[in-house]
Amino acid sequence: MDQMGIHYNIWIVLLSFALAATAAYSALNLISQVSHSTGRVRRLWLLSGACVLGSGIWAMHFVGIMASHLPFKVSYHPGTAVLSLLVSMLSCYAALQIATASRQRMWRFLIGGVILGGGISLMHYIGMSSMEMEAKVHYEIKDQALSVLIALLASYIGVFMFRKFKDYRGYSRWRLYSALFIALAVTGMHYTSLTTSHLQYDNWLGTKPVLMEADVILLTGISLVTLFMLALSGGAVFLDRHVLERMAYHDPLTELPNRHGLERYFKDDFFGGISGAVFFVDLDRFKSINDTLGHDIGDLLLREVSERLTRCVGGKGKVFRLGGDEFLIALPDCTIGAAEEEAQHILQELKKSYSIEGNELYVTASVGISMTPAHGTDRSALMKAADTALYTSKDSGKNKFSVFDLEMNRHQVRRMSLEKDLRKALARSEFMVVYQPKWDSLMNVTVGLEALLRWRHPEHGIISPAEFIPIAEETGLIVPITYWMLHDVCGQNMLWHKAKVANVAVSINMSARMFENGSLYDVVEEALSRAGLEPHFLELEITESIAMNNMEETVAQLSKLRNLGVRVSLDDFGTGFSSLGNLDEIPVNTLKIDQVFIRKSKMHSKKAIISNIIAIASNLNMEVVAEGVETTEQIELLQSLGCRVMQGFYYGRPMPVNELGQWFIENTA
């Protein structure tokens, strides 16, 4: 029985180190994607990196064995060899998962290094046990402890370097250093373990060592694993560069670049010209198409809109979809005159009819434009300016374009300031209610009051309802404000009843928001109950647009309130979009003639409209109230047409509670 040391082919040793380093660098390239991903995608990158690194370590181990010169034939047990491969991959996955956590801690790097080094060592000894030969391998404990220590130390250093490059996708010398240390952990452990080991064999086969006869299955396995490693690494790179990058930077519905693509475009390509333009494009009333025809039709419409925008812009710039029905167009070399022409062309193209699954659709758009360098020299400033200009286009009637200017900016800044203060106004008791009388011109008595909201701003004084009500509507703050107003008005009306100052119904304007959650009945009933007011002394004023929006649900809520005894009036009648064929289905007590008709009542056409509204109200057994009455001529005309109840400055302006008490006393007679 003899013992003999193991000798190596130095070129194959170097090849095994290069193989391990290449596998480690490829795996670390994949791992750099982990910090930019979440959920399943993150786990996919981790698994890919672990498979590449684990298979590279495994292949290096068996290539290193084939570098040995042994005096006898060696074969391998396939099951044990495959087990060593699985151990290598699993340890790599566990180590990489711990080391690439979002929070970088020293103990994470230490544990990751220990798991990786331990996995390398375990894979080595399992791989060695897969060898079937006419000899036995004897290990010296101290020497083997040194090889394991090399694996642990080099693995820890390699993993510790993750913090230098784990969030960086490009080339990094730290990634290269980390790969070299991981390769050193594998090869250092392997060759130190084998060099300090001894083979004990019984049959002397020659006086010189010969090249080990490699098992054909092992060679095939190593080749397949190496090909798998290269294919997985290359496939992941292709996936990242083509598939995932497109998913990350393009909108899946329209295939236009998304917000991430927008950021990259502005960073790399937009700036550099003398002047450039940014367009914010938003479709008008797109929500109504989604609500009436469904989101599938809406999506098809968005695709068609994106194609028209792309054709309009052509090669002059880039079109992006920001989300919903919002698009952005960037023209890097464009003057303000050319931008205005382009905006007009876009509006003309978008308002042409669309034929989508048998539906002939018409939509318009609003456009806001900002220019560089006049309105900003970075993406954020230009987008903010274009967005401000878009709001101006929307507010001025839609289907228009606006170019940003400083006045718009002042308006937007004021609006944002008012929105911020509006959120605190209710808690700070900054709201007040004023009341305008409704007068019976024949009986010369007050027959009702309209409650109107006012905002006493601590810095800007009285804010016009025309300015703050739209903000409250948009933000949803109108709901708690209306709740407060209902309680305040009902309580005040009850005080007038008890003091025998007035005994009339008070009307409150309702927002469409109040009908959205179906709780209006409960809110009104609570306000009446808390004040002790009878329901017929409260009147709710709605507009035609509220009545026609989700008409079935709105009518159901109003009918329930009518049954309670609450009165309902239809405000601004004649200016909305309701159909006369539906008017009799809406539970309304009173029609209010809008003041726009009263102001122009000298015109024959307006006089005819007023006469028809009064006739409609009479035929439907509804009362009629004329708004905006200011002159005796208007009063005489309305009386001649059959309208007796009027409201306007002629009879009384909106007054706070303290003034209204005196007004009641003066007009009681």
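Student: How many nonpolar, polar and charged residues are in the lining of the second largest pocket?

Tutor: By class, that lining has 14 nonpolar, nine polar and ten charged residues. Here Ala, Val, Leu, Ile, Met, Phe, Trp, Tyr, Cys and Pro count as nonpolar, Asp, Glu, Lys and Arg as charged, and the others, Gly among them, as polar. Keep in mind that this is a predicted model, where local features need pLDDT of at least 70, side-chain atom pairs count only at pLDDT 80 or more, and totals for chains, interfaces and linings use all residues. Residues are numbered from 1 along each chain as its sequence is written, and side-chain values use heavy atoms, with hydrogens and water left out.

Student: Which residues lie nearest the centre of the second largest pocket?

Tutor: The general idea first: rolling a probe the size of a water molecule over the atoms shows where empty space is left. A pocket is an open set of points on a 1 Å grid over the protein atoms alone where a 1.4 Å probe fits, with protein on both sides within 12 Å along at least five of seven lines; lining residues have an atom within 4 Å of a point. In this case, Glu450, Leu452, Pro465, Asn509 and Asp571 lie nearest the centre, out of 33 lining residues. Among the elements that give two or more residues to this lining are strand E16 (445–457) and helix H15 (465–475). Helices (H or I, at least four residues) and strands (E, at least two) are DSSP runs, numbered from the N terminus.

Student: Which residues of H22 are buried?

Tutor: An α-helix has 3.6 residues a turn, so residues three or four places apart point the same way. In H22, the buried residues (under 20% relative accessible area, with a 1.4 Å probe and protein chains only; exposed is over 50%, partly exposed in between) are Lys606, Ile610, Ile613, Ile614 and Ala617. They cover an arc of only 95° around the axis, so they sit on the same side of H22; the arc is that of the directions from the helix axis to the C-beta atoms. The face turned away from the buried side carries the exposed residues His604 and Asn619.

Student: What stands out in the backbone at Glu255, and which residues does a cis peptide bond join?

Tutor: Most residues other than glycine have a negative phi, and most peptide bonds are trans. Glu255, not a glycine, has a positive phi of about 65°; this residue is exposed, at 54% relative accessible area. The cis bond joins Thr372 and Pro373, with omega about 5°.
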